[in-house]
Structures are given as structure tokens and as C-alpha cells.
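Hi,

Here is the structure we talked about, with the sequence alongside. Have a look at it first, and then read on for what turned up.

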Amino acid sequence: IRFLKNKISELDELELVATHPESDEDQAVAEYILHQLRGTPTSLKAVQGRVSKALCAHKFSDPSQAPFPEADLLLCNQPLDDNFLMKLNQKNSVFFLERIDL
């Protein structure tokens, strides 16, 4: 978010891409980022609640879904140091994310 705040005047537009559009977690995080950029109040706890209850989060509380331990959801639901961003790239017809350290 610090990076975006510093670069926002240079951007014509900013797009946040939902990687799981049928679920609510990407929308919740996008709204959180928007509030942070605008300097408007927002509740991190409310965002974390939406992420935890999102459709794609259900597999993390399902014991039959061993590849998705609940600890991973807890980790994903914590704010991170924002010294990197994920850039969407394309090679041929395949899209992929690349970590860019700032």
C-alpha cells in the first residue's frame, strides 16, 4: 500500500484482479486497499472476517482437505509487510504472477 500511495499520482488507473471471482475475499481485500489509499476508515477485523467466511476459505476448515491446512488460512489472513507486489505477466497465452520486490 505504501508503494501505491507513492506512485498513485503517476498512474492513470489501478486494477485489482480477483483470482477467485466467485468468492468474497478478493473483493474484501480490494475494498480494504481502496480505503487505505483514500485514507478512509476501514476495519481490518471486518476484512479478516470476510476472508475467513469466503467460499474459497471453506476448504481450510474441512478435515478431508488435507492439502489446505487451517494454519495456511490464518497466515493468509494477516497483514504482510508490503515491500513487494505481485505483477501479472503473460507468456504466450499463459498468465502468471511474478513477485516484484520493492
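Val17, Met86, Leu88, Phe95 and Leu97 together make a nonpolar surface patch of about 520 Å² in this predicted model. (A patch takes residues with over 30% relative accessible area and no salt bridge, joining like charges within 9 Å and nonpolar side chains of Val, Leu, Ile, Met, Phe, Trp or Tyr within 5 Å; the areas are Shrake-Rupley values with a 1.4 Å probe, and for residues only the protein chains shown count as cover.) Strands S1 and S2 each supply at least two residues of the patch, and Leu97 is found in S2.

A word on the ground rules: residues are numbered from 1 along each chain as its sequence is written. As the model is predicted, local features need pLDDT of at least 70 and side-chain atom pairs pLDDT 80 or more, while totals for chains, interfaces and linings use all residues; side-chain values use heavy atoms, without hydrogens and water.

Overall, the chain has 4 helices and 2 strands, in the order α-α-α-α-β-β from the N terminus. (These are DSSP runs numbered from the N terminus: H or I of at least four residues for helices, E of at least two for strands.)

Back to the strands: S1 and S2 (residues 94–101) pair in the antiparallel sense over 8 bridges; pairing takes at least two DSSP bridges. Phe84 has Asp101 of S2 as its bridge partner, and Lys91 stands opposite Val94. The hairpin has 2 residues between the strands, and Asn92 takes a positive phi near 55°.

Then there's the largest pocket, with a volume of about 2200 Å³. Of its 48 lining residues, Leu16, Asp26, Val29, Ile33 and Met86 are the closest to the centre. (On a 1 Å grid over the protein atoms alone, a pocket is an open set of points where a 1.4 Å probe fits, with protein on both sides within 12 Å along at least five of seven lines; lining residues have an atom within 4 Å of a point. Points are joined across faces, edges and corners, and the volume is the space filled by probe spheres set on them.) H2 gives the most to the lining, with 7 residues.

Finally, the structure holds 3 salt bridges, meaning a side-chain nitrogen of Lys or Arg within 4 Å of a carboxyl oxygen of Asp or Glu. One of them joins Asp24 and Arg50 at 2.7 Å, N to O. Asp24 lies in the loop between H1 and H2 and Arg50 in helix H3, so this pair ties together parts that are 26 residues apart in sequence.

Cheers
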